[in-house]
Amino acid sequence: MSALPLKRLHPDAVLPRRAHDGDAGLDLHSVEALTLAPGARAAVGTGLAVAIPHGQAGLVLPRSGLALKRGIALVNAPGLIDAGYRGELRVLLLNTDAQEPCEIAVGDRIAQLVLIAVELPQTVEVDELPDSSRGSGGFGSSGS
């Protein structure tokens, strides 16, 4: 098992951890208190920076409990953190509830971070792509 180097950028930052052994996601916590009005979005700081290993990427994913109970989604789900990024992890929250504001407190779990292995191929321009059974069928090509 490898380590994920983390740097605390804010005194209120909570180090990410898994809720249960074997969970894929590391919980990310807010270092900001804010009110998200209905339909509003905000970039919420975690007070953390990470050094994701080369050949991996971090995916910032929504928390299902926040989505179900409070209508909170991530604007760009999943958010992508490249291995070379060393700035603060910020989470782009969206309040999808049409009527109720959502209060976010310092220390609230707002998202989860999952590390994945990524291929890093070189690109090559070709005159033709190989055939496939799908071809150029796009949106809705498999039915409803």
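Trainee: What is the volume of the second largest pocket?

Mentor: This is a predicted model, in which local features need pLDDT of at least 70, side-chain atom pairs count only at pLDDT 80 or more, and totals for chains, interfaces and linings use all residues. Residues are numbered from 1 along each chain as its sequence is written, and side-chain values use heavy atoms, with hydrogens and water left out. A pocket is an open set of points, on a 1 Å grid over the protein atoms alone, where a 1.4 Å probe fits and protein lies on both sides within 12 Å along at least five of seven lines; lining residues have an atom within 4 Å of a point. Grid points are joined across faces, edges and corners, and a volume is the space filled by probe spheres set on the points, which for the second largest pocket is about 170 Å³.

Trainee: Which elements give two or more residues to the lining of the second largest pocket?

Mentor: The lining includes Val60, Leu74, Asn76, Tyr85 and Glu88, as well as Gly79, Leu80, Ile81, Leu89, Arg90, Val91 and Leu92. Strands are DSSP runs (E, at least two residues), numbered from the N terminus. The elements with two or more lining residues are β8 and β9 (90-95).

Trainee: Which strand gives the largest share of the lining of the largest pocket?

Mentor: The largest pocket has a volume of about 280 Å³ and is lined by 14 residues, with Ser2, Leu4, Arg18, Leu26 and Leu115 nearest its centre. By class the lining has 11 nonpolar, 2 polar and 1 charged residues. The largest share, 3 residues, comes from residues 109-117, that is, strand β11.

Trainee: Is Ser30 buried or exposed?

Mentor: Ser30 lies in the loop between β2 (26-29) and β3 (34-36). Its contacts (heavy atoms within 4.5 Å), leaving aside neighbours within four places in sequence, are Val44, Gly45, Ile104, Ala105, Val106, Gly107, Asp108 and Ile110. Buried means under 20% relative accessible area, exposed over 50% and partly exposed in between, with a 1.4 Å probe and protein chains only. Because its relative accessible area is 0%, Ser30 is buried.

Trainee: Which residue has its backbone oxygen 2.6 Å from a polar atom of the side chain of Ser30?

Mentor: A polar contact is a pair of N or O atoms within 3.5 Å; within protein, one must be able to donate a hydrogen and the other to accept it, and residues adjacent in sequence count only if both atoms are side-chain atoms. At 2.6 Å from the Ser30 side chain, the backbone oxygen is that of Glu32.

Trainee: At what distance does the side chain of Asn95 reach the backbone oxygen of Ala37?

Mentor: Asn95 is in strand β9, and at 1% relative accessibility it counts as buried. A polar atom of the Asn95 side chain lies 2.9 Å from the backbone oxygen of Leu36. For the backbone oxygen of Ala37, the distance is 3.4 Å.

Trainee: How far apart are the C-alpha atoms of Leu36 and Ala77?

Mentor: Leu36 is found in strand β3 and is buried, with a relative accessible area of 2%. Among the residues that Leu36 touches are Ile72, Leu93 and Asn95. Leu36 and Ala77 are 41 residues apart along the chain, and their C-alpha atoms are separated by 18 Å.

Trainee: Which residue does a cis peptide bond join to Ala77?

Mentor: The omega angle of this bond is about -10 degrees. The cis bond joins Ala77 to Pro78.

Note on methods:
Helices (H or I, at least four residues) and strands (E, at least two) are DSSP runs, numbered from the N terminus. Ala, Val, Leu, Ile, Met, Phe, Trp, Tyr, Cys and Pro count as nonpolar, Asp, Glu, Lys and Arg as charged, and the others, Gly among them, as polar.
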